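Welcome! Please take a moment to look over the sequence and the structure below, and then we can walk through them together.

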Amino acid sequence: MDIRKIKKLIDLMIESDLQAIEVKEGDQSIALTRRSPVVAAAVPAMPAPSAAPAAAAKSPRGAVETSPMVGVFYAAPSPGEAPFLKVGQTVSAGETLGIIEAMKIMNPIEATQSGVIEEILVKNGEVIQFGQPLFRYRA
């Protein structure tokens with residue numbers, strides 16, 4: 001996909017106040033997501049950040065933390081290190097739950113609320129999609 005087309009998509013997202021957009025042309029596709037302005041300063045060609053980090057949706061079995069972007073999930077800060085979380089661990093809002101690598105940039109996933117981790121729904125190294133459930137915890 002041409003970089004000019006990507007820049008036009010980013011401009012369209014800003015003008016229309018879109019939080020996410022996905023475009024497919026033949027066998028090529030691109031997904032752009034807007035996040036907080038602090039992360040947006042990293043690289044202009046990155047997917048545009050969303051207005052809010054991963055949302056914590058309520059489900060009958062507890063709160064679910066979802067992915068704010070497409071990328072590769074990492075459970076630990078680096079290979080061979082202990083994971084950020086374990087089932088049963090108590091987390092506070094703002095605490096790092098994992099990392100998503102997108103376009104060679106490591107983006108921390110932060111808890112949107114406090115609670116106890118009941119289930120980790122993704123595996124280390126797994127490719128994840130925007131809005132995909134990552135963690136379930138009891139608030």
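This is a predicted model: local features need pLDDT of at least 70, side-chain atom pairs count only at pLDDT 80 or more; totals for chains, interfaces and linings use all residues.

## A salt bridge to begin with

How exposed are the two partners? R138 counts as partly exposed, at 46% relative accessibility. E118 is partly exposed as well, with a relative accessible area of 26%.

## The wider network

E118 has another partner to meet. It also forms a salt bridge with R136, where the closest N and O atoms are 2.5 Å apart. Here too the pair links distant parts of the chain: E118 sits in strand 9 (residues 115-120) and R136 in strand 11 (residues 133-138), 18 residues apart. Is R136 buried or exposed? With a relative accessible area of 9%, R136 is buried, because buried means under 20%.

R136 in turn forms a salt bridge with E119, the closest N and O atoms being 3.1 Å apart. Since E119 lies in strand 9 and R136 in strand 11, this pair ties together parts that are 17 residues apart in sequence. E119 itself is partly exposed, at a relative accessible area of 28%. Put together, E118, E119, R136 and R138 are linked in a network of salt bridges. For the protein, the count comes to 4 salt bridges.

## The overall plan

Now let us step back to the whole chain. The secondary structure comes to 2 helices and 11 strands. Followed along the sequence, the pattern reads α-β-β-α-β-β-β-β-β-β-β-β-β.

The protein has 139 residues, and 34% of them count as buried. Among contacts with a separation of 6 or more, 51% are accounted for by residues 24 or more positions apart.

In general, the strands of a sheet pair through backbone hydrogen bonds, either parallel or antiparallel. In this model, an open sheet of 4 strands has the order 8-7-5-10, with antiparallel pairing. Which strands stand at its edges? They are strand 8 (105-110) and strand 10 (127-128); each has a single partner strand, so one side of each is left without a neighbour in the sheet.

You can look at one of these pairings in detail. Strand 5 (residues 71-74) pairs with strand 10 in the antiparallel sense over 2 bridges. Within this part of the sheet, V72 stands opposite V127 in strand 10.

## A hairpin and a buried glycine

Strand 1 (residues 20-25) and strand 2 (residues 28-33) also pair in the antiparallel sense, over 6 bridges. I21 has L32 in strand 2 as its bridge partner. These two strands form a hairpin with 2 residues between them, and in that hairpin G26 takes a positive phi near 60 degrees.

Another glycine to find is G62, which has its place in strand 4 (residues 62-66). G62 is buried, with a relative accessible area of 16%. What separates the C-alpha atoms of G62 and Y137? The separation is 5.6 Å, although these residues are 75 residues apart along the chain.

Notes: Residues are numbered from 1 along each chain as its sequence is written. Side-chain values use heavy atoms; hydrogens and water are left out. Two strands pair if DSSP finds at least two bridges between them. Buried means under 20% relative accessible area, exposed over 50%, partly exposed in between (1.4 Å probe, protein chains only). Contact means heavy atoms within 4.5 Å. A salt bridge is a side-chain nitrogen of Lys or Arg within 4 Å of a carboxyl oxygen of Asp or Glu.
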